[in-house]
Amino acid sequence: MTYHPKSEFLRVMFERGFVADCTDYQALDEALIKGVVPAYIGYDATAASLHVGHLMNIMVLRWLQKTGHKPITLMGGGTTKVGDPSFRSEERPLLTPEKIQENIDGMGRVFAKYLEYSDAPNGAIMLNNAEWLDNLNYLDFLRDIGRHFSVNRMLSFESVKSRLDREQSLSFLEFNYMILQAYDFVEINRRYGCLLQMGGSDQWGNIVNGIDLARRVADKEIYGLTTPLLTTSDGRKMGKSANGAVWLNDQMLSAYEFWQFWRNTTDADVAKFLKIFTELPVEECDRLGALQGAEINEGKIILANLATALLHGEEAARAAEATAREVFEKGGIGDDLPTVTLSVEEIADGISIVQLLVRAGLSASGKDAKRLIAEGGAKMNDEVILDAGLRLGAGELADPVKLTAGKKRHALVVVA
């Protein structure tokens, strides 16, 4: 639908491409105009870091705060023990409480880069749903909350239906997930006056459940807003690179590799990604996205610099760009390349070039590395590698060695 919002937050959401659907545009718009609206997005602690696939919704929370409202990051310390079955083919592995807390700590470090946590009216707060889920009395919960859910309706949700249609098992544990997420919304509304839950479009059914439950048990009017599934222009799911997930914690992915991910954006995605992942004015995003030929690289470098500066700081962004220019324009090594450090013992009998390409993250497997070499796509110190059986010893590795896969992916190998 076409809606012309009056509130600054919704206007930004529409202009920059963040909106997929909303339960009530007009009522939400009016609430945003009246005063500070607390809004949350939930994150289950299934990994030690968030990745680029989460970044769209993190930017939504950032814009929410910038326009005067209160972001709530809800960590799923309780729901992670169950696991969201949405659009998954199998049950998630169960994690220990210690591992869940470790993951929450890692994710929290990322949020702190984008949001300001404080006691201000629009200061962000971080909650953990284990606070209210861990101590639930099961029979009371079934009687007070479970009775409001129709199994027939729950089975009709696409996230569940698609699993059952493929005749893949859905455990009773997972089936409870949507009830717990709905209950989260009710609890955060009761405790913190939260009026809005946001999330990806795959969460629509879970969000609507929470709104319906709040209406039934508390006679409260609350809202839901979803963001679109973000894909690249060639149809790939956003957030994956040739080497897997693009992590947001610098312990798992360097600032240079993060910068390089954005620098490798396809021409057709430049304007869209500038609008979503930076705070550059929309008109400038469109101007840069409309550039043709080699000129579009200006937009890609600006995208890489701004996205990296938000997460890692401006100094890291400048260093990443300088390293890229050193590597690409001058044929040098660069100070900030991903580095594989080998011990003297590891190279005592030599080490294969195939193994090095895998260790450096430039190939997913030995088979992948051999194919890269056969196709002429692997280089060592800017010279094409012709022999997949090449082994390097202490002599060849006395100085740092630069490995290259394709035109844009590089790594250093050093012995320490």
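Modeller: This is a predicted model, and it holds 11 aromatic pairs. One of them is formed by Y3 and Y25: the ring centres are 5.5 Å apart and the planes meet at 20°, so this pair is stacked, the angle being under 30 degrees. Y3 belongs to the segment before α1 (8–16), whereas Y25 is part of helix α2 (residues 25–34), so the contact ties together parts that are 22 residues apart in sequence. Y3 and Y25 are both buried.

A further pair, W262 with F277, has a tilted arrangement, with 4.8 Å from centre to centre and 50° between the planes. Here, too, distant parts of the chain are linked: W262 sits in helix α12 (residues 255–263) and F277 in helix α13 (residues 270–277), 15 residues apart. As to accessibility, W262 has a relative accessible area of 0% and is therefore buried. F277 has a relative accessibility of 1%, so F277 also counts as buried, the cut-off being under 20%.

W262 and F277 also belong to a cluster, in which ring pairs link them with F258, F261 and F273.

Finally, one ring has a charged neighbour. K66 lies over the face of W63, at 5.7 Å from the ring centre.

How values were computed:
Residues numbered from 1 in each chain as written. Predicted model: local features only at pLDDT ≥ 70, side-chain atom pairs only at ≥ 80, totals over all residues. Heavy atoms only, no water. Phe/Tyr/Trp six-rings, centres within 6.5 Å; stacked < 30°, edge-to-face > 60°. Helix = DSSP H or I, 4+ residues; strand = E, 2+ residues; numbered from the N terminus. Buried < 20%, exposed > 50% of the residue type's maximum accessible area, 1.4 Å probe, protein only. Lys NZ or Arg CZ within 6 Å of the ring centre and 35° of its normal.
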